[in-house]
Amino acid sequence: LNRAWIKEGYEYIYQITEGSYVNFPYAQTPCYEEAYFQEHLPRLQCIKQKYDPDNVFHFPQSIKLP
């Protein structure tokens, strides 16, 4: 019941807002990298490639290696 309530609320808010908040991860955010990091994504991917080429620091919504 609670999950359905949260999902409905999220779907409503998603329709009336723009963008996303990186400190509020939501597994079903479509294209989360673009939503969270926007135009900064290519630069962040380069940094990730340089300092974490083995992807040690990863989680379901982390920056993916290019």
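1. Helices here are DSSP runs of H or I with at least four residues, numbered from the N terminus. With that in hand, the model, which is predicted, can be read element by element.

2. The protein has 3 helices and 0 strands. Along the sequence, the pattern reads α-α-α.

3. The protein has 66 residues, and 23% of them count as buried. Looking at contacts between residues at least 6 apart in sequence, 28% join residues at least 24 apart.

4. Helix 1 covers residues 2–16, and Ile 13 is found in this helix. Is Ile 13 buried, exposed or partly exposed? Its relative accessible area is 47%. Buried means under 20%, exposed means over 50%, and partly exposed is in between, so Ile 13 is partly exposed.

5. Ile 13 also belongs to a nonpolar patch on the surface, formed with Tyr 12 and Ile 16. Together, the residues of this patch have about 330 Å² of accessible area.

6. Helix 3 spans 41–51, and Gln 61 lies in the segment after that helix. Gln 61 has a relative accessible area of 8%. Because the cut-off for buried is under 20%, Gln 61 counts as buried.

7. Which residue does the side chain of Gln 61 join in a polar contact? The partner is the side chain of Tyr 36, and the contact is 3.1 Å. Gln 61 is thus a buried residue with a side-chain polar contact to Tyr 36.

Terms used:
Residues numbered from 1 in each chain as written. Predicted model: local features only at pLDDT ≥ 70, side-chain atom pairs only at ≥ 80, totals over all residues. Heavy atoms only, no water. Patch = residues over 30% accessible without salt bridge, like charges linked within 9 Å, V, L, I, M, F, W, Y side chains within 5 Å. Areas by Shrake-Rupley, 256 points an atom, 1.4 Å probe, with all protein chains shown as cover. Salt bridge = Lys/Arg side-chain N within 4 Å of Asp/Glu carboxyl O. Helix = DSSP H or I, 4+ residues; strand = E, 2+ residues; numbered from the N terminus. Buried < 20%, exposed > 50% of the residue type's maximum accessible area, 1.4 Å probe, protein only. Contact = heavy atoms within 4.5 Å. Polar contact = N/O pair within 3.5 Å; in protein donor to acceptor, adjacent residues only side chain to side chain.
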